[in-house]
Amino acid sequence: MNKERVAELVRELLLEIGEDPDREGLRKTPERVTQSLEFLTSGYCTNVNELVNKAVFESQSNNMIILRDVEVYSLCEHHMLPFFGRCHIGYIARKKVLGMSKLARIVDCYSRRLQIQERLTAEVAREIMMVTQAEGVGVIMECRHLCTMMRGVEKQNALMTTSSVLGSFHNDDATRAEFLNLVGRRVA
Ligand code: ZN
């Protein structure tokens, strides 16, 4: 990312919306927006393999592993406005388990990009499946979207839920039911 160019674009944007980029409060805004944007889109530059490689452990267990309430912050690709909430992850390991913090890092890696919630959910599930070669993976994401809360239909409390189930979580009703039960959802 060419930071000088991005700052210049933000300055132009301020002018276009009728602001004075040289007034006291805005003088450093282009630089601040650039920095924040760099962080919020840092997922494009993160190498997931490097991220998780050293945290994959051998395990004989084939129990379901659940991680609830992982915070999610992302930007919708339609409006570049935040959507945020939490996600619940479950998987059944075959021989490899992943450190808990790494599951959260995978979520960060895919959420720090321009996203839609459905794709984000699917990408997180697929990545966990690939890294752990699990028997099955389930991801449920519940988010609020500022683009619908602040503008558009202005639905302040709409919570969007997406899910992605792979392997045994997809094929086996009992496994999926156990997952939904453990993350506190009723079986539909
Ligand atoms: Zn949007």
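Is Glu 123 buried or exposed, and what is its relative accessible area? Glu 123 is buried, at a relative accessible area of 16%. Buried means under 20% relative accessible area, exposed over 50%, and partly exposed in between (1.4 Å probe, protein chains only).

This is a predicted model: local features need pLDDT of at least 70, side-chain atom pairs count only at pLDDT 80 or more, and totals for chains, interfaces and linings use all residues. Residues are numbered from 1 along each chain as its sequence is written, and side-chain values use heavy atoms, with hydrogens and water left out.

Glu 123 sits in helix 5. Helices (H or I, at least four residues) and strands (E, at least two) are DSSP runs, numbered from the N terminus. Leaving aside residues up to four places away in sequence, Glu 123 touches Tyr 110 and Gln 115. Contact means heavy atoms within 4.5 Å.

Tyr 110 is one of the buried residues of helix 4. Others in that helix include Leu 103, Ile 106 and Val 107. The buried residues of helix 4 pack against helix 3 (48-53), strand 2, strand 3, strand 4 (96-98), strand 5 (114-115) and helix 5 (117-132). Helix 4 covers residues 100-111, twelve residues. From first C-alpha to last it reaches 17 Å, close to the 16 Å expected at 1.5 Å a residue. The expected span is 1.5 Å times one less than the number of residues.

**Aromatic pairs**

The structure holds two aromatic pairs. In one of them, the ring centres of Tyr 73 and Phe 84 lie 6.4 Å apart with planes at 20°, so the pair is stacked. Rings of Phe, Tyr and Trp (its six-membered ring) pair if their centres lie within 6.5 Å; planes under 30 degrees apart count as stacked, over 60 as edge-to-face and the rest as tilted. Tyr 73 belongs to strand 2 (residues 64-76) and Phe 84 to strand 3 (residues 82-92), eleven residues apart.

**Zinc site**

Three protein donors hold positions 2.2 to 2.3 Å from the zinc ion: Cys 76 (SG), His 79 (ND1) and Cys 147 (SG). Donors are N, O and S atoms within 2.8 Å of the metal (3.2 Å for Na, K and Ca); water is not among the atoms, so sites may look incomplete. Along the chain the donors follow the spacing C-x2-H-x67-C. His 79 lies in the loop between strand 2 and strand 3, and Cys 147 in helix 6 (residues 146-149), 68 residues apart.

**Accessibility of the ring and zinc residues**

| Residue | Relative accessibility | Class |
|---|---|---|
| Tyr 73 | 52% | exposed |
| Phe 84 | 29% | partly exposed |
| His 79 | 35% | partly exposed |
| Cys 147 | 8% | buried |
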